[in-house]
Amino acid sequence: MNNKEVLQHSGIKTNNKNHSARGNIMLIIAALIWGTSFVAQSVGMEYVGPFTFNAVRSFIGSAALVPFIFLFDRIGFSPKKMNRTEKLFLIKGGVICGFIVFAASSLQQIGIKYTTAGKAGFLTALYIVILPIIGLFLKKRSGFNVYIAVVIAVCGMYLLCIKKESVSLNYGDIMVIGCAFFYSLHIIVIDYFAPKTDCVRLSCIQFLINGIISSVFMFIFEKPDLNFIIAARVPILYSGLLSSGIAFTFQIIAQRYTKPVVASLLMSLESVFAVLAGWLVLKEVLSMRELFGCILIFAAVILAQLPLEGILPFLIKFNLFNKMPFFNKRVKTKNENIPKDKIQ
């Protein structure tokens, strides 16, 4: 079976609205799981180190997907037998994703040790702003609203992370911001591989690779103790089965039908769920300054995803660009393709 037949058999990259809606729902569920998982990760760090936590949860997540692979093969949900080229493509994608997830999850897990679950959730959501910046290097320009969103997000990050008496980022905050960068890369890589291969197998391989790399770092930098791992079994199982096994697999499947930008917007809801979970379970309380920072970051997240052609008619109608010569040329170019009835 060639690539085209596999895509047709799997229903990949279809324009069907039902599939698109299904993908969006899966991403929202994934965001809910990830948001609440920040609490589990925070609690787990009281017993084990970050590499131990990630190693165990990744192996659990990978193992949990094996029965589903056999089940989907049996009921015909998975693409039929792959040839050698397709298998190599699958393995390549799984290995690349595994390395990226290792970097992202390790930085996040280390950062959570030094910051709150709520703050970690909002800082992780910065990937939605980082994505367009990476797009510049890939020769994919974004609208001016995205760059405004970047400025707003930086202001929000300042209020959320930097105290009045200090002008430096917390160590944990820096780690989580680094995590956001690698999750941006993960979204881009998934967008490339997911439509062309078996999503469940891809997810299984990426967590197997993540578990192997985390284990190496675990034995080098930590002293794993089985008793402490057992003591942390609840947060590890929650993160392994739900966050790794289910949520990431939902992301990979959903990105068959959802554009990366829309996917990142829906997944960024994890920041809201993280704050709510931290407040309800860990009794975390943010100051007014930090709450305002969260609001700015979330506003930047929304602004970055607004369609430029929907914003321009509004700005032009009320002459909001008259004193902004920097944007005049760009607006004029964009306005040429906008119907007059939408501007007036």
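Ile-110 sits in helix H4 of this predicted model. With a relative accessibility of 18%, Ile-110 counts as buried, because the cut-off for that class is under 20%. Apart from residues within four places in sequence, Ile-110 is in contact with Pro-50, Phe-51, Tyr-171 and Met-175. Met-175 is 65 residues away from Ile-110 along the chain, yet 6.8 Å separates the two C-alpha atoms.

Thr-115 is found in the loop that runs between helix H4 (84-112) and H5. Is Thr-115 buried or exposed? Its relative accessibility is 12%, so Thr-115 counts as buried. The side chain of Thr-115 makes a polar contact, at 3.1 Å, with the side chain of Asp-173. Asp-173 is also one of the residues that Thr-115 touches once those up to four places away in sequence are set aside; the others are Ala-120, Gly-172 and Val-176.

| Residue | Location | Relative accessibility | Contacts beyond four places in sequence |
|---|---|---|---|
| Ile-110 | helix H4 | 18% | Pro-50, Phe-51, Tyr-171, Met-175 |
| Thr-115 | loop between H4 and H5 | 12% | Ala-120, Gly-172, Asp-173, Val-176 |

Helix H5 covers residues 117-124, and its axis comes within 7 Å of the axis of helix H13, residues 270-281. How do the two helices run relative to each other? Their axes cross at roughly 175°, which means that H5 is roughly antiparallel to H13. On the H5 side the contact is made by Ala-117, Gly-118, Gly-121, Phe-122 and Thr-124, and on the H13 side by Glu-270, Ser-271, Val-272, Ala-274 and Val-275. Sorted by class, the residues of this contact are five nonpolar, four polar and one charged.

Helix H9 spans residues 199-221 and has 23 residues. The distance from its first C-alpha to its last is 33 Å, close to the 33 Å expected at 1.5 Å a residue. The N-terminal end of H9 is capped by Asp-198, which places a side-chain oxygen 3.1 Å from the backbone nitrogen of Val-200.

For the protein chain as a whole, the secondary structure consists of 17 helices and zero strands. The chain has 344 residues, and 51% of them are buried. Of the contacts in the chain with a separation of 6 or more, 90% are between residues 24 or more positions apart. The pair Ile-110 and Met-175, 65 residues apart, is one example of residues in contact across such a separation.

How values were computed
Residues numbered from 1 in each chain as written. Predicted model: local features only at pLDDT ≥ 70, side-chain atom pairs only at ≥ 80, totals over all residues. Heavy atoms only, no water. Axes fitted to C-alpha atoms, helices over the stretch in contact; angles between N-to-C directions. Parallel < 35°, antiparallel > 145°, perpendicular 65-115°, else oblique. Contact = heavy atoms within 4.5 Å. Nonpolar A, V, L, I, M, F, W, Y, C, P; charged D, E, K, R; others polar. Expected span 1.5 Å × (residues − 1). Polar contact = N/O pair within 3.5 Å; in protein donor to acceptor, adjacent residues only side chain to side chain. Buried < 20%, exposed > 50% of the residue type's maximum accessible area, 1.4 Å probe, protein only.
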